[in-house]
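Open the model in your viewer and keep the sequence panel beside it. This tour tells you what to select at each stop and what you will find there.

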Amino acid sequence: MTEVVTTRASKALLVTRVLVSAHAVAIIGQPVFAGGYLGGDYDMLWLHRWGADAVSFLAYAQVVAALVLWLKRGPRWVFGVSLLIAAGETAQYFAGLAGALDLHIPLGVALVTGMVLTTIGIWRVTQ
């Protein structure tokens, strides 16, 4: 099912789509960096840490864009999902810093899945 966005919200929808898509690409890269590290390329841990900063920044920017979209009469589900993902990524970030891999890895799988589904959903919203 697709949702229709008002003309007022069309620019906000475009910005949200760009941020959600960039966020999805960044979060999909994280397991690649972690896998490289676990495969013995220890420089990949630095990239994984830098990627975590980028993913966090994109998550918070996505929340702001989703809020603007909602306020301009766009779909509100985007804001709720964005908040949930940002909260999960904050927990993910601190679990990684603490070395709590029993939380970090499964939460990462859930977050990547959530971002892929969010990306599909935001591109199904029609103008």
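Start by selecting H104. Why does H104 count as buried? Its relative accessibility is 14%, and buried means under 20% relative accessible area, exposed over 50% and partly exposed in between, with a 1.4 Å probe and protein chains only.

A word on what you are viewing: this is a predicted model, in which local features need pLDDT of at least 70 and side-chain atom pairs count only at pLDDT 80 or more, while totals for chains, interfaces and linings use all residues. Residues are numbered from 1 along each chain as its sequence is written, and side-chain values use heavy atoms, with hydrogens and water left out.

**Stop 1: around H104**

Keep H104 selected. It lies in helix α4, residues 101–124. Helices here are DSSP runs of H or I with at least four residues, strands are runs of E with at least two, and both are numbered from the N terminus.

Now show the side chain of H104. It reaches the backbone oxygen of Q92 at 3.0 Å. That is a polar contact: a pair of N or O atoms within 3.5 Å, where, within protein, one must be able to donate a hydrogen and the other to accept it, and residues adjacent in sequence count only if both atoms are side-chain atoms.

Next, select what H104 touches. Leaving out residues up to four places away in sequence, these are H48, Q92, A95 and G96. Contact means heavy atoms within 4.5 Å.

Click G96. It lies in helix α3 and is partly exposed, with a relative accessible area of 31%. Then draw a C-alpha distance from G96 to V116: they are 20 residues apart in sequence and 21 Å apart in space.

Move to P106, also placed in α4. P106 counts as partly exposed at 46% relative accessibility. Its C-alpha atom and that of Q92, 14 residues apart along the chain, are separated by 9.5 Å.

**Stop 2: the largest pocket**

Select Q30, A34, H48, Q92 and H104 together. Of the 25 residues that line the largest pocket, these lie nearest its centre. The elements giving two or more residues to that lining are α1, α2, α3 and α4.

How much space lies in the largest pocket? About 700 Å³. The search runs on a 1 Å grid over the protein atoms alone; a pocket is an open set of points where a 1.4 Å probe fits, with protein on both sides within 12 Å along at least five of seven lines, and lining residues have an atom within 4 Å of a point. Grid points are joined across faces, edges and corners, and the volume is the space filled by probe spheres set on the points.

Colour the lining by class. You get 15 nonpolar, 8 polar and 2 charged residues. Nonpolar covers Ala, Val, Leu, Ile, Met, Phe, Trp, Tyr, Cys and Pro; charged covers Asp, Glu, Lys and Arg; the others, Gly among them, are polar.

**Stop 3: helix α1**

Select T16, in helix α1, residues 10–38. T16 is buried, with a relative accessible area of 0%. Beyond residues up to four places away in sequence, it touches A65, A66, L69, V78 and I122.

Go on to H23, also found in α1. H23 counts as buried at 0% relative accessibility. Leaving aside neighbours within four places in sequence, H23 is in contact with V55, L58, A59, Q62, I85, E89 and M115.

**Stop 4**

Select Y60 in helix α2. Y60 is partly exposed, with a relative accessible area of 41%. It touches A86 and T90, not counting residues up to four places away in sequence.

Then find R73, in the loop between α2 (44–71) and α3 (77–98). R73 is exposed, at 59% relative accessible area. Check its phi: near 75°, a positive value in a residue other than glycine. Most residues other than glycine have a negative phi.

**Last stop: zoom out**

Show the whole chain as a cartoon. The protein has 4 helices and 0 strands, and from the N terminus the elements run α-α-α-α. The C-alpha atoms fill a box of roughly 50 × 25 × 20 Å along the principal axes. Colour by accessibility: buried residues make up 39% of the 127 residues.
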